[in-house]
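Good morning, and thank you for making time on the agenda.

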Amino acid sequence: FGKKGANYIRDEITPDRVKKKIEYVQTLIDWIESNADILPNKKALKVNAKKRQEMEETLSKTAVDTALLASESGRVLLSDDERLRMIAASEFGAMSTWSQPLLAKLQNLDLITVDEYKLAVIQLAMFHYRHTIIGPDILLKAAEEAEWASKSPFTDVVSEVTRKDITEESLITVVVGFFILLWRQPIAYAQRQFLTQYVVSAIK
């Protein structure tokens with residue numbers, strides 16, 4: 001059992017899904033072995049043992065080690081954990097960034113396409129990364145990926161855009177911008193009307 005938005009769902013874990021998960025994890029391991037370096041954690045030797053233990057209890061040993069390594073000259077901490085980035089900066093002086101600015105930089109350098117950037121941001125929204133900036137174009141791309149229907153990833157992105165902690169100004173900007181883009185699309189009138197009504201209902 002799990003929870004999606006405000007609803008509880010039953011999710012069957014089939015042998016095929018387990019196999020695909022194992023394959024996915026193996027691809028991550030292979031990527032790490034090919035692209036990551038093992039580095040000495042010199043900064044760890046300079047941190048008070050008691051203070052480090054307290055931080056490890058708050059975060060985790062891995063997170064603290066990562067923050068210490070990132071605080072070395074010429075390194076940047078990449079993490080979508082805002083608390084970790086704040087502690088790394090305040091305690092160790094580490095510079096940091098998170099996924100979306102990195103993706104934007106890659107797109108600006110033409111290392112990924114605009115569509116690849118949008119799809120990656122949609123994935124961040126689906127994973128409920130709270131600080132993901134979702135513009136009208138991202139919401140439109142999610143609708144396109146959902147084949148202009150009320151299904152994932154469109155419904156997931158709408159849920160993030162209409163969260164209770166989103167400011168009214170931001171909500172209006174995104175929704176109105178989305179409506180303008182949506183009604184310019186060469187799709188059926190009924191589809192445009194349905195998606196408009198779906199978003200309006202989500203706001204309520």
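Let me begin with Pro153, which lies in the loop between α7 and α8; helices here are DSSP runs of H or I with at least four residues, strands are runs of E with at least two, and both are numbered from the N terminus. The model is a predicted one, in which local features need pLDDT of at least 70 and side-chain atom pairs count only at pLDDT 80 or more, while totals for chains, interfaces and linings use all residues. Residues are numbered from 1 along each chain as its sequence is written, and side-chain values use heavy atoms, with hydrogens and water left out.

Pro153 is joined to Ser152 by a cis peptide bond, with omega at about 10°. The loop between α7 and α8 also holds Trp148. Phi of Trp148 is near 60°, a positive value in a residue other than glycine. Trp148 counts as buried, at 16% relative accessibility; buried means under 20% relative accessible area, exposed means over 50%, and partly exposed is in between, with a 1.4 Å probe and protein chains only.

Next comes α8 itself. How many of its eight residues are buried? The count is seven, so α8 is mostly covered. They are Phe154, Thr155, Asp156, Val157, Val158, Glu160 and Val161.

Leu182 touches Leu140, Trp148, Ile187, Arg192, Leu195 and Thr196, not counting residues up to four places away in sequence; contact means heavy atoms within 4.5 Å.

Let us consider a helix pair. Helix α2 (residues 49-58) and helix α4 (residues 82-92) pack at an angle of about 170°, with their axes 12 Å apart. Axes are lines fitted to C-alpha atoms, for helices over the stretch in contact, and angles run from 0 to 180 degrees between N-to-C directions. The two helices are therefore roughly antiparallel to each other, a term for angles over 145 degrees. Lys51, Met55 and Thr58 of α2 make the contact with Arg83, Ile87, Glu91 and Phe92 of α4.

Finally, the loop between α6 and α7 holds both His128 and Thr132. His128 has phi near 65°, a positive value in a residue other than glycine, and counts as partly exposed at 45% relative accessibility. Is Thr132 buried or exposed? Thr132 is buried, with a relative accessible area of 14%. Its side chain reaches the backbone oxygen of Tyr129 at 2.9 Å. Thr132 also touches Gln100, Val121, Leu124 and Ala125, again not counting residues up to four places away in sequence.

How values were computed. Parallel < 35°, antiparallel > 145°, perpendicular 65-115°, else oblique. Polar contact = N/O pair within 3.5 Å; in protein donor to acceptor, adjacent residues only side chain to side chain.
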